[in-house]
Amino acid sequence: MNRAAERLHNGIIKENPTLVLMLGMCPTLAVTTSAVNGLGMGLTTTVVLALSNLIISLLRGIIPSRVRIPAFIVIIASFVTSVQLMLEAYLPFLNKALGMYIPLIVVNCIILGRAESYAYSNPVLPSLFDGLGMGLGFTLSLTCIGALRELLGAGELFGFGILPDSFEPIRIFGQAPGAFFVLAGLVALQNYLKERKPKAGQKTGSGQKAGSGSCSGDCGSCGDGCSTRFYDDKASGTGKNGSAGDN
């Protein structure tokens with residue numbers, strides 16, 4: 001279960017496919033005109049991603065390495081077709097809104113990338129949770145982008161009026177450039193929050209390095225490169241590799 005939780009955290013936070021890895025930009029920028037569209041596209045991709053990871057992991061000992069990519073595409077295309085037929089039957093408005101981007105899930109680089117880099121070489125359960133984590137991270141990103149664009153561009157959220165009538169919608173957020181603006185803002189926010197976390201090896205005021213325990217004081221055999229060692233090397237005229245420092 002620890003490994004399953006790790007795969008979920010990896011996909012949602014650590015290696016979010018949209019905000020960190022910058023994958024799947026085509027549907028991210030094209031369909032996120034509203035929160036419903038973003039949520040629908042994200043959940044559709046999550047179902048395909050989780051099920052394809054599961055089947056590819058189950059068949060990894062059978063699929064020959066030389067034809068693995070065509071095999072991946074056949075498996076993914078089967079699930080995409082099934083999901084599209086279900087959307088046509090039960091959610092026709094969402095199927096119409098997403099349009100051709102549902103069939104294009106077959107060649108989504110997130111799904112093919114996880115199949116190649118993880119599912120094909122790992123057990124079934126971790127592969128399933130890896131697909132769920134990546135899919136949920138994709139869903140979260142698309143829903144946030146769609147919600148912000150809908151709120152700023154129409155004053156609504158999930159089709160309901162949120163902002164007062166006095167609010168003048170910023171129409172550009174409902175158009176193509178708005179997707180770039182919102183995506184850039186969310187990526188910048190994510191990078192800012194990541195930079196605020198203390199870095200491993202950073203020296204604290206108590207003479208300890210964050211996340212590395214207490215300092216032994218033996219800088220000669222220390223490979224952490226903390227600020228104390230940096231200033232000691234500068235004072236002694238030696239560089240990082242023990243050679244004379246540049247002036």
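Tutor: A residue counts as buried when its relative accessible area is under 20%, and as exposed when that area is over 50%; partly exposed lies in between. Please keep in mind that this is a predicted model.

Student: Then is Arg-7 buried or exposed?

Tutor: Arg-7 has a relative accessibility of 10%, so it counts as buried.

Student: What does the side chain of Arg-7 meet in a salt bridge?

Tutor: It meets the side chain of Asp-130, with a distance of 2.8 Å from N to O. Arg-7 belongs to helix H1 and Asp-130 to helix H7, and the two are 123 residues apart, so to link them is to link distant parts of the chain.

Student: And Asp-130, buried or exposed?

Tutor: Asp-130 is buried, because its relative accessibility is 0%.

Student: Which other residue forms a salt bridge with Asp-130?

Tutor: Arg-114 does, and the closest N and O atoms of that pair are 2.8 Å apart. Arg-114 sits in helix H6, 16 residues from Asp-130 in helix H7. Arg-114 is buried, as is Asp-130.

Student: How many salt bridges does a search of the whole structure find?

Tutor: The search finds 3. One of them joins the side chains of Glu-116 and Arg-68, at 2.9 Å from N to O. This pair also links distant parts of the chain, with Glu-116 in helix H6 and Arg-68 in helix H4, 48 residues apart.

Student: Why is the pair of Phe-173 and Phe-181 edge-to-face?

Tutor: Planes over 60 degrees apart count as edge-to-face. The planes of Phe-173 and Phe-181 are at 70°, with ring centres 6.4 Å apart, so the pair is edge-to-face. Phe-173 counts as buried at 15% relative accessibility, whereas Phe-181, at 47%, counts as partly exposed.

Student: Now the surface. Which residues make the nonpolar patch?

Tutor: The patch is made by Leu-39, Leu-43, Phe-158, Phe-160 and Ile-162, and has an area of about 470 Å². Of these, Phe-158 lies in the loop between strand E1 (156–157) and strand E2 (160–161). Phe-158 counts as partly exposed, with 38% relative accessibility.

Student: Last topic: how much space lies in the largest pocket?

Tutor: It holds about 360 Å³. The lining of the largest pocket consists of 15 residues, and those nearest its centre are Ile-12, Ile-13, Asn-16, Leu-19 and Gln-190.

Student: Which elements give two or more residues to that lining?

Tutor: They are helix H1 (2–14), helix H7 and helix H8 (176–196).

How values were computed: Residues numbered from 1 in each chain as written. Predicted model: local features only at pLDDT ≥ 70, side-chain atom pairs only at ≥ 80, totals over all residues. Heavy atoms only, no water. Phe/Tyr/Trp six-rings, centres within 6.5 Å; stacked < 30°, edge-to-face > 60°. Buried < 20%, exposed > 50% of the residue type's maximum accessible area, 1.4 Å probe, protein only. Patch = residues over 30% accessible without salt bridge, like charges linked within 9 Å, V, L, I, M, F, W, Y side chains within 5 Å. Areas by Shrake-Rupley, 256 points an atom, 1.4 Å probe, with all protein chains shown as cover. Salt bridge = Lys/Arg side-chain N within 4 Å of Asp/Glu carboxyl O. Helix = DSSP H or I, 4+ residues; strand = E, 2+ residues; numbered from the N terminus. 1 Å grid on protein atoms, 1.4 Å probe; cavity = no way out; pocket = protein on both sides within 12 Å on 5 of 7 lines; lining within 4 Å. Points joined across faces, edges and corners; volume = space filled by probe spheres on them.
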